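I begin with the strands and then turn to the helices.

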Amino acid sequence: MMKNNPRKLALEILTNFGIDNPRDVTIEDVIYALNIPLKYSKLTNCDGRIIHGEGKSLIVINDSIDFETRRNFTLAHELGHYLMHRNDLIQHVDDSASLAWFDTKNKTKISQQEIEANTFAAEILLPTHLFTEEVYKQPFDPNLIRSISDKYNVSRSSIIYRFVEMGNHPICVFYTKDNKVSYWKRSKDFNFKIKECTRIPPPHDSVAAEFFDDGTIYPLNESKQEISKSTWLEVKEEYADDTFYEYCLVHSGTNLTISVIWED
Ligand SMILES: [Zn+2]
């Protein structure tokens, strides 16, 4: 059970400031409007943190985050911590692990706080009702993910994550780190049997394997790649060559790929 209700809190803030659509303001505007001290500073191995002083806390963000979407998400995440956890947040340093919103397997106290901060961040940057409107009756397509990502300044990976949860088209997402599939997640209505693939390299004929084999990254207009149904799925012989698609999002800096597979 969540102690906090991060989604509700995010919506309350937007409502209180009369923000109908978060595209109209920046998350920094919101932090300033809430009178929360914010500082950009050099941080080592860390994107953001909260510093406690006497009766006062401060949000500190790494001044060298190169992606705007990542900086935005970090700002929103720290704002979530500030509002929900600042009194019992111990030794809090956010790096790529705690900011990986998709990793919800650990249920320790700190992780629970991270899940709450990430849920808060996702909601304040792009409220669920707006996301639902954006994907209403939309088939999955890399262009759809990119257009929502650009419109709201939210990372593509977080849009994919939400599409799994509440999109209108069944997809399955595989996270591969350092050439090993770490785990996968599928939409409720994705009714196919997934091959045993965790803790081993991605299937040899997958788009993810192409990246890990020789660094292949497809240009935007080719990001919808045709694969076989049997690439990632356990299927009967007669369906093995049926057409499936893979969109492989590459984070080369962290040697991570996020593969989305779907059928048209
Ligand atoms: Zn955090």
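How many bridges join strand E1 to E3, and do the strands run parallel or antiparallel? I recorded 4 bridges between strand E1 (residues 38-41) and E3, and the two strands run parallel. The model I examined is a predicted one.

Entry on the E2 and E3 pairing. I found that strand E2 (residues 48-52) pairs with E3 over 5 bridges, in the antiparallel sense. Opposite Arg49, I located Val60 in E3. I then followed the connection: E2 and E3 form a hairpin, with 4 residues between them. Within the turn, I noted a positive phi of about 70° at Gly55.

Why is strand E3 largely enclosed by the rest of the structure? I counted as buried any residue under 20% relative accessible area. Of the 6 residues of E3 (residues 57-62), 5 are buried, so I describe this strand as largely enclosed by the rest of the structure.

Entry on the helices. I next examined helix H5 (residues 128-135) and helix H6 (residues 142-152), whose axes come within 11 Å and cross at roughly 145°. I recorded the crossing of H5 with H6 as right-handed. On the H5 side, I listed Leu130, Phe131, Glu134 and Val135, which meet Leu144, Ile148, Lys151 and Tyr152 in H6.

Methods: Residues numbered from 1 in each chain as written. Predicted model: local features only at pLDDT ≥ 70, side-chain atom pairs only at ≥ 80, totals over all residues. Heavy atoms only, no water. Buried < 20%, exposed > 50% of the residue type's maximum accessible area, 1.4 Å probe, protein only. Pairing = 2+ DSSP bridges. Axes fitted to C-alpha atoms, helices over the stretch in contact; angles between N-to-C directions. Left-handed = near helix turned anticlockwise from the far one by under 90°. Contact = heavy atoms within 4.5 Å.
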